[in-house]
Amino acid sequence: MAETKENETSLFSPYNTGKFNLSHRMVLAPLTRCRALNGIPTAAMVEYYIQRSTAGGLIITEGTLISPTAIGFPNVPGIYLDEQVEAWKKIVDAVHAKGSFIFCQLWHVGRASHYDYQPDGAAPISSTGKVISDEYQILMPDGTSTTYSKPRPLEISEIPTVVEHYRQAAVNAIRAGFDGVEIHGAFGYIIDQFLKDGINDRMDEYGGSIENRCRFMMQVVQAVVSAIGIDRVGFKMSPSTFHNDAIDSDPLKLGLGIIDRLNKLQSQLGSKLAFLQLQTEYGSENEQVQFLRTWRRAFHGTFMCTGGFTRELGMQAVGDGDADLVSYGRLFLSNPDLVLRFKLNAPLNKYDRETFYTSDPVIGYTDYPFLSQLTDGKEEPFSHP
């Protein structure tokens, strides 16, 4: 792909989404890293997020638990206890000092859990009683992997409690100083478990039609929006991805159903969400790219994409108008100065999958070298235009 010409939109063009004036369009994607010991953010996490902060950049945190039942990974952070809120403040303050904006991703794994993670060894909660297939394995606290536990479907009377957990988590995030939150509605976690008909087998008002399957999602979104304001809220969806058996019979229609409801909420409130993030595949002219473009045209607001993007694909997506923002995960994990490296088209560090989900506070976490460490500090730092 040829380099972007002057005045053409690129990853390095500024962008405004609501109250947030971004200096570039590269976002740190949510990445589970398992470094929050006992659910409390640590000093190592402060360093990790500082390293990936840029003036006018946007960071979305790793999935952050909204309640004790939300957990399905070892050593992931929460945002439901005062102690967690206080620990997050240190991270948020440090990121803000670097000039970055930071959103907290609100996460509940639903059935993607195990009895050993749940309070009193209870069954994980979900839209369904169907267990995730043996094709997928859950990482346990001792580092081993095993099959997922059988969940139990939430009673209708229990759903408002889960919605309230999302609302309170959003309030807590603002208390911690976050600029906003992203509601995780993707990857086969609890909201996705209601959205997709390959999982949701309910016969009540939360199952069956797209309207019913979107009901829980919209109750969560409306509760969070009412609590902290729509311009501080992002939503992540993945209608066409299959992680954790999260399959839908008509992903295009489901995605349009989600977007239609978010558009109506924006119209009703006279203001827009901070962004809609789509997990997808991009690059060749495949079905997912066609879905992406349909959803992009349908959504009335900032559209962010993620899912294995390279520098070239990110430049293409933004330049062609397929995305306003592109979030990067694994490449940002191993290249804390990814924005600078992309700007200079410099070589990248390779990531080490073996250290993605360990609890070591340094190895595979904060020890990936900066370009300046490899070039004697001769490169120019990226600054706000």
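I took a nonpolar core to be a set of buried Ala, Val, Leu, Ile, Met, Phe, Trp, Tyr and Cys residues joined through side-chain atoms within 4.5 Å, where buried means under 20% relative accessible area (1.4 Å probe, protein chains only). The model is predicted, and local features need pLDDT of at least 70, side-chain atom pairs count only at pLDDT 80 or more, and totals for chains, interfaces and linings use all residues. Residues are numbered from 1 along each chain as its sequence is written, and side-chain values use heavy atoms, with hydrogens and water left out.

Entry on the cores. I found 105 residues in the largest nonpolar core, of which Tyr 166, Ile 191, Phe 216, Phe 235 and Tyr 328 touch the most other members. Helix H6 (residues 215-228) supplies the largest share of this core, 9 residues; helices (H or I, at least four residues) and strands (E, at least two) are DSSP runs, numbered from the N terminus. Apart from this core lies another, of 12 residues, including Phe 20 and Phe 101.

Entry on the rings. I counted 17 aromatic pairs, taking rings of Phe, Tyr and Trp (its six-membered ring) to pair if their centres lie within 6.5 Å, with planes under 30 degrees apart stacked, over 60 edge-to-face and the rest tilted. Phe 20 and Phe 101 pair edge-to-face, at 5.3 Å centre to centre and 70 degrees between the planes. Phe 20 lies in strand S2 (residues 20-22) and Phe 101 in strand S5, so their pair ties together parts 81 residues apart in sequence. I noted that both Phe 20 and Phe 101 are buried.

Methods
Buried means under 20% relative accessible area, exposed over 50%, partly exposed in between (1.4 Å probe, protein chains only).
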